[in-house]
Amino acid sequence: MTHLCLVASPYEVYFVFGQVLFWGLRDLKRVQLISVDRPRVDVEIAGRSVSSCVISNYKKNPNFAEPVRFIEDVDLPEVEYWCPPISITVVDCRAFGRSVLVGTHIISNISKFMFRPADKSKTYTAACRLLSQGLAGIREQQHRAAYAAAIAAKEDTVLTVDPVQTQQPNGAAGAVKIEIQEEDKRINEEEEDPLDETTLDWWSKYFASLETLNEEKQKQDDEAQQQQDLFSEEEKSGATSGDEKQFNNKTKSMESETKDNKVTKKLLRGAVGAVRQAKKSLATPAKRKKQNKLPIDELKIYDNELENASDFSGFNDLLHSFNLYRGKRDDHADDITDQKRIVGMFKGAFKIYRYPLPHYIEQPDPQYGMFKGLPSNEPIHVLVRVYVIRATDLHPTDPNGKADPYVVISLGNNKVNDKENYISKQLNPTFGKTFDFEATFPMESILTVQIFDWDLLSADDLIGETKIDLENRFYSKHRSLCGIAEKYAIFGYNQWRDPMKPSQILQKLCKDHKLEGPNFMPGRVKVGTKTFTGPVELEDENGHKKPTDEHVALVALRHWDEIPKVGCKLVPEHVETRSLFSSDKPGIEQGRVELWVDMFPMDMPLPGPPVDVSPRKPKKFVYNSSQYITTHFLYLQSSF
């Protein structure tokens, strides 16, 4: 194993390990009209460089056979922002020892690749601080919940201002007595019939989740509006302070008013302010009957791309994607114009850390260093299942301001064109389609979803497209193969669709991360030092119940981020919303599409049939209208 030398000052030297993960190359374009066949990657930092092995056959396998390499004797300043950039260069090794440049990438900031072990003393202090903050936050949430429940339990609030003057201890008269009378809220609701799960389908779960998403957005908007109103009231009170001073000066200058009258007016002003504040804090809003939500299991609807969600950090926990550029960048160029200079992609990672590590930190592996548990990068066969739900706010392409959209999906050399099922004159179409592909990673790992506009005479127009890197998701620790459902069921609209049961997934995670467990007990499961509880019985189609460990295993999976050191948020059952873009109008969103992707390795048990997401068929209704009296009616004859 080799070393990096990090120089803090002319008299102090720090030794660090620098490791480079050479994973593979993707989508390399031709160089000098010849396709790239034997590429190599060179990484250089501060005058020191390391090279990967040469890929013998790029078309057959674009991954490197020896993924981890080390850099020797590099002098870096102690301040990370002063460190020189990392240069990535890809060359093609051709006949007679020639090397042709394919593309380059410059990493200007290496701070995100630095490993900083936490100080043990500071860790204890930070843990105590977080614990105290968490307890304070829990208390605040409890107070808010109790206050909200008290407000919701009131139907009306009566404020009574009694102008009767009372004698004060200091002899001042004119005190105002404010009484707040609260009446209990009484709502007589009819008993609802029990929910019939046989009438529910996937769309029932989708619409319930969509309602939850809208409620969350409304709550955020209300909180933002409350903060804005509070800020405006503070500004208004500050602006009116000068007027209040003038008013007080005028009252003092008036000789006709006695001291008692002045006190009375001040108290009345205070009473009016108290009444207004009580109305804002206690009075209920406009009465409206709140409908109880049906007990339907839900999924997570993301309003953006899944990789852009804050819980998953772009699925870059193992692999980072670096675009390779060719040619000189113009002075006035931007990200959109730089897209034309992209000639491929390098997938890999960097780890830089000081040596030796503290004794309480797990030491690196002699062969793989910090990349412990590195999965194999050999080609793997995967079943990819794509669910396209609907599209919203599509850009119109027809003269009538509408479009006739349909879906085209491609993965590697596989392409599915659903032109026959185009939807006429719709900018918010509901597709409800499922597409299955058998792909081989890494050769076929970029999924492209396109929305076209059907035209009768001319060529179909591309409305927009989106691309998904399935390889980064497949190898991510967040387990985006198949989303973790909210509940476990073996039948019905919420049937478990992963070929692995929750207990099997939990056992695999514990084995991969070398955790003790899972140790199952009735209604409980222990993973490492954490214990999770859940239901014990599982109901089948006939209504018979039997004991099972799947419920508690699912609880542990949904709270996997609570596991110390190795825990992280697992991808839940979801629908993601992706923006559509077109090369003709770069940088301008052409609409959005809602979908999700499941991936199943072919060397494991295959899943069952796909979830039925086909749109609901409309029902026929008869509308009867009776007209009794018509006056001053102007009859216009027309033919239909």
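The structure is a predicted model in which local features need pLDDT of at least 70 and side-chain atom pairs count only at pLDDT 80 or more, whereas totals for chains, interfaces and linings use all residues. Residues are numbered from 1 along each chain as its sequence is written, and side-chain values use heavy atoms, with hydrogens and water left out.

**Figure 1. The protein chain as a whole.** The accessible surface comes to about 40,300 Å², and carbon and sulfur atoms hold 51% of that area. The chain contains seven helices and 26 strands; these are DSSP runs numbered from the N terminus, helices being H or I with at least four residues and strands E with at least two. Of its 640 residues, 38% are buried (under 20% relative accessible area; exposed is over 50%, and partly exposed lies in between, with a 1.4 Å probe and protein chains only).

Figure 2. Strand β17 spans residues 430–441 and includes G432. With a relative accessible area of 8%, G432 is buried. Beyond its neighbours within four places in sequence, G432 is in contact with V388, I389, V613, S614 and P615 (contact means heavy atoms within 4.5 Å). R616 stands 184 residues from G432 in sequence, yet their C-alpha atoms are 9.2 Å apart.

**Figure 3. The largest cavity.** The whole structure holds two cavities of 30 Å³ or more, and the largest has about 60 Å³ of space. Among the 11 residues lining the largest cavity, V20, I71, I86, F350 and I352 are the closest to its centre. Strands β2 (12–26), β3 (39–45) and β13 (342–355) each give two or more residues to this lining. A cavity is a set of points on a 1 Å grid over the protein atoms alone where a 1.4 Å probe fits but cannot get out, and lining residues have an atom within 4 Å of a point. Grid points are joined across faces, edges and corners, and the volume is the space filled by probe spheres set on the points.

**Figure 4. Backbone details in loops.** A cis peptide bond, with omega about 10°, links F441 to P442, and P442 sits in the loop between β17 and β18 (446–453). In the loop between α6 and β20, K514 has a positive phi of about 55° although it is not a glycine. K514 is exposed, at 76% relative accessibility.

Technical notes
Areas by Shrake-Rupley, 256 points an atom, 1.4 Å probe, with all protein chains shown as cover. 1 Å grid on protein atoms, 1.4 Å probe; cavity = no way out; pocket = protein on both sides within 12 Å on 5 of 7 lines; lining within 4 Å.
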